[in-house]
Amino acid sequence: MEFIEHQGRHMSEFSSAAILHQGRRDQVAESCRAQSASSRKRRVLTPGDLKHLVVDEEHELIYCYVPKVACTNWKRVMMVLTGRGKYSDPMEIPSNEAHVPSNLKYLNQYSIAEINHRLKSYLKFLFVREPFERLVSAYRNKFTLKYNSSFHRRFGTKIVRRYRKNATQEALLNGADVKFREFAEYLVDPATQRDGPLNEHWQTVYQLCHPCHIHYDLVGKYETLEEDANYVLRLAGVGESVRFPTYAKSTRTTDSMTAQFFSNISSQQHSQLFQLYKLDFLMFNYSTPSYLRLD
């Protein structure tokens, strides 16, 4: 232990972070064991399951992006890291640029052998957020803002058609005023599951990042975004050259906002949504929200 004493604060800070992250990995592994014991489905990953994994070959990093968990800023950082000097400051990259798929490399673009090699040897990380806060954040972003008309057309019109009695022609046409209650109904409807995977903005982290098949080295949390992000960058050996953007969005979805939205839906919907996101709660150690009304 002498070594730590000499290194001083920096080292002890680092080792307490290491212990914290070991605990998070153990939690995921434990939940995966319980999950595989209780379910008979053994799935093998296909390249199509890997389209959320951003690859940085230069620094041997793999980042699984989860929408509504600082993914725009992480994609900006990944563009800085993979850009060979093209960018130095993540915030100089416009947000829409960060989401252009061709600006980054994804793991599903590699051969099976290359995929396996990278999964074995690269540092793999993801960032998670309290599941219902993430869900409300997605709802607010996609259904309550004027500029998201493509989401209103793609999902809003279908939701209004299915779940609103006596909908106006305008609502059926634009789908621009979906209520949280209608969105919740859409999510828990078995017909939605039959339509195929959920949209990435409200799909579970379990389905997007496959944490039982891919053993992530680091699980970062939105609640401690800055510390966790800079810890990842330090481990990747780029802590000196890249800082994770620090900015607090004033419009950010909070726990009290989430409670507010949940107060507008039935206790049956509470139970059904909790079932839907249950693995995300368990794997990433989020406690059942105090506002939740379970049947």
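How many positive and negative side chains does the chain have, and how far apart do the centres of the two sets lie? The chain has 40 positive and 32 negative side chains, with Lys and Arg counted as positive, Asp and Glu as negative, and His and the chain ends not counted. The centres of the two sets lie 8 Å apart; each charge is placed at NZ of Lys, CZ of Arg, CG of Asp or CD of Glu.

The model is predicted: local features need pLDDT of at least 70 and side-chain atom pairs pLDDT 80 or more, while totals for chains, interfaces and linings use all residues. Residues are numbered from 1 along each chain as its sequence is written, and side-chain values use heavy atoms, without hydrogens or water.

The secondary structure comes to 14 helices and 5 strands. These are DSSP runs numbered from the N terminus (helices H or I, at least four residues; strands E, at least two). The radius of gyration, taken over C-alpha atoms, is 20 Å, close to the 19 Å that the globule rule gives for 295 residues, so the chain is as compact as a globular protein of that length. The rule is 2.2 Å times the number of residues to the power 0.38. The C-alpha trace spans about 70 × 45 × 40 Å along its principal axes.

Buried residues make up 49% of the chain. Buried means under 20% relative accessible area, exposed over 50%, and partly exposed in between (1.4 Å probe, protein chains only). The largest nonpolar core holds 89 residues. Such a core is a set of buried Ala, Val, Leu, Ile, Met, Phe, Trp, Tyr and Cys residues joined through side-chain atoms within 4.5 Å. Trp74, Phe132, Phe183, Trp202 and Leu273 touch the most other members. Helix H3 (residues 71-82) gives the most to this core, with 7 residues. Contact means heavy atoms within 4.5 Å.

Gln269 is placed in helix H14 (residues 267-283). At 7% relative accessibility, Gln269 counts as buried. Gln269 touches Arg181, Ala184 and Glu185, not counting residues up to four places away in sequence. Gln269 and Asp295 are 26 residues apart in sequence and 9.2 Å apart in space, C-alpha to C-alpha.
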